[in-house]
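Please keep the sequence and the 3D view open while reading.

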Amino acid sequence: MAKIHRPRRGSLAFSPRKRAKSEVPRIRSWVSEERAGMAGFAGYKAGMTHVIMIDDRPRSLTEGMEISVPVTVVEVPPMSIAALRVYEMYNGGIRPAGELWAENLSQDLARAITVPKARRGTSLEDIESRVDELCEIRVLAHTNPGLVTGIPKKVPDIMEIPVTGRSVEEQLKAAEGLLGSQVAVGSIFSVGDWIDVTAVTKGKGTQGPVKRWGIMLQKRKHSRTGKLRHVGNLGPWHPARISWRVPQLGQTGYHQRTEFNKRMLAMGTNGMDITPEGGFVGYGVVRNEYMLIKGSIPGPVKRLVRMRRAIRPGAAFAPKAPQILYVSRESQQGV
């Protein structure tokens, strides 16, 4: 009889598979650039469609030909800059050294935090006098979900985004110009750029080991109690404990995940150019600026998506705007 061998399908690299602490993803690494400005942006996932474009991948079998490519639509209304925060080196790391809030804060910001009544924090003169001690400049930005009809909330999502530049002085000057303003995605990314996308995946609750880890169903004779979806063995008698490597039931989904090297195929301001007939299923109509990202990205529709410039881009070819011939607007509901 042939030996039945089927290695486990689930990766242990993401263990422990716990629920994400926040629906606003945390990004720990950013790309250092000479361009002065924000290093990332955030939007809301609307759905998927497909485009017809000219294949510009070098040495591809279909290079120069028309191909169909699936794309994810992300609605990206302008983000508001509420404050700037400066950091200094301390004990082998960094710590906040001061912050400065804008005077014209959004009214929706009070739904998320206690808004300062006056412009508070370290004065701009104090920050500029200590610029030699500073190591990093960041801005406190928040989304404007009240502008998005497909998102059933008005509470903005707040996040820290670094400011890039050749020096700390240049970063501080750029942050001063952004303070209290609204930033559009077109000032940060361009069509054809390679980006990394971070989001919290769709939650599936508690699931068994077959769905969670992809283990094999037991044979008819192997489980005489009728329990075919259990793990076959919890491990040896000694050591007298269950190893964390044993596939067991538990939380599935709602994990923070990052997908690297996603290509931005298109950007626009009129959402009706890409909204299908009848709207996106479970989302509706895109009414603000939008982005078309090649392939799929983590999370369900309406989920917050954070983006940064690709931190480890491939050397296949330099970023350039693709030639889009057609964007599908056919109804996804059979209308």
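A charge is said to sit over a ring if NZ of Lys or CZ of Arg is within 6 Å of the ring centre and within 35 degrees of the ring normal.

## Charges over rings

By that rule, the charged end of Arg312 sits over the ring of Phe260, at 3.7 Å from its centre. A further case is Arg19, whose charged end sits over the ring of Tyr254 at 4.3 Å from the centre. The structure is a predicted model, in which local features need pLDDT of at least 70 and side-chain atom pairs count only at pLDDT 80 or more, while totals for chains, interfaces and linings use all residues. Residues are numbered from 1 along each chain as its sequence is written, and side-chain values use heavy atoms, with hydrogens and water left out.

Aromatic pairs, in contrast, number zero in the structure; for such a pair, the ring centres of Phe, Tyr or Trp (its six-membered ring) would have to lie within 6.5 Å, with planes under 30 degrees apart counted as stacked, over 60 as edge-to-face and the rest as tilted.

## Overall make-up

The protein chain has three helices and 15 strands, where helices (H or I, at least four residues) and strands (E, at least two) are DSSP runs numbered from the N terminus. Its C-alpha trace spans about 80 × 55 × 40 Å along the principal axes.

Of the 335 residues in the protein chain, 44% count as buried, a class defined as under 20% relative accessible area, with exposed over 50% and partly exposed in between (1.4 Å probe, protein chains only). Among contacts (heavy atoms within 4.5 Å) with a separation of 6 or more, 78% are accounted for by residues 24 or more positions apart.

Which residues does Trp213 touch, not counting residues up to four places away in sequence? They are Arg8, Arg9, Gly10, Ser11, Leu12, Ser15, Arg17, Pro247 and Gln248. Trp213 has its place in helix H3 and is buried, with a relative accessible area of 6%. Although Trp213 and Arg9 are 204 residues apart in sequence, their C-alpha atoms are 6.0 Å apart in space.

Ser11, found in the segment before S1, is partly exposed at 33% relative accessible area, and it touches Arg17 and Trp213 when residues up to four places away in sequence are not counted. Arg6 and Ser22, by comparison, are 16 residues apart in sequence and 36 Å apart in space, C-alpha to C-alpha.

## Backbone features

Two cis peptide bonds can be described here. The bond from Ser15 to Pro16 is cis, with omega near -5 degrees, and Pro16 has its place in the segment before S1. The bond from His238 to Pro239 is cis as well, with omega near 5 degrees, and Pro239 is in the loop between helix H3 (209-213) and strand S11 (250-252).

Positive phi values also occur in residues other than glycine. Asn91, in the loop between strand S4 (79-90) and strand S5 (93-101), has phi near 55 degrees and counts as exposed, at 73% relative accessibility. Lys302, in the loop between strand S13 (290-294) and strand S14 (304-309), has a phi of about 75 degrees and counts as partly exposed, at 33%.

## Pockets

On a 1 Å grid over the protein atoms alone, a pocket is an open set of points where a 1.4 Å probe fits, with protein on both sides within 12 Å along at least five of seven lines, and lining residues have an atom within 4 Å of a point. Grid points are joined across faces, edges and corners, and a volume is the space filled by probe spheres set on the points.

The largest pocket holds about 460 Å³ of space. Of its 15 lining residues, the closest to the centre are Arg19, Ala20, Lys21, Arg28 and Gln256. By class, the lining has five nonpolar, three polar and seven charged residues, where Ala, Val, Leu, Ile, Met, Phe, Trp, Tyr, Cys and Pro count as nonpolar, Asp, Glu, Lys and Arg as charged, and the others, Gly among them, as polar. The second largest pocket holds about 390 Å³, and of the 16 residues that line it, Ile215, Met216, Leu217, Gln218 and Gly232 are the closest to its centre. Its lining has seven nonpolar, six polar and three charged residues.
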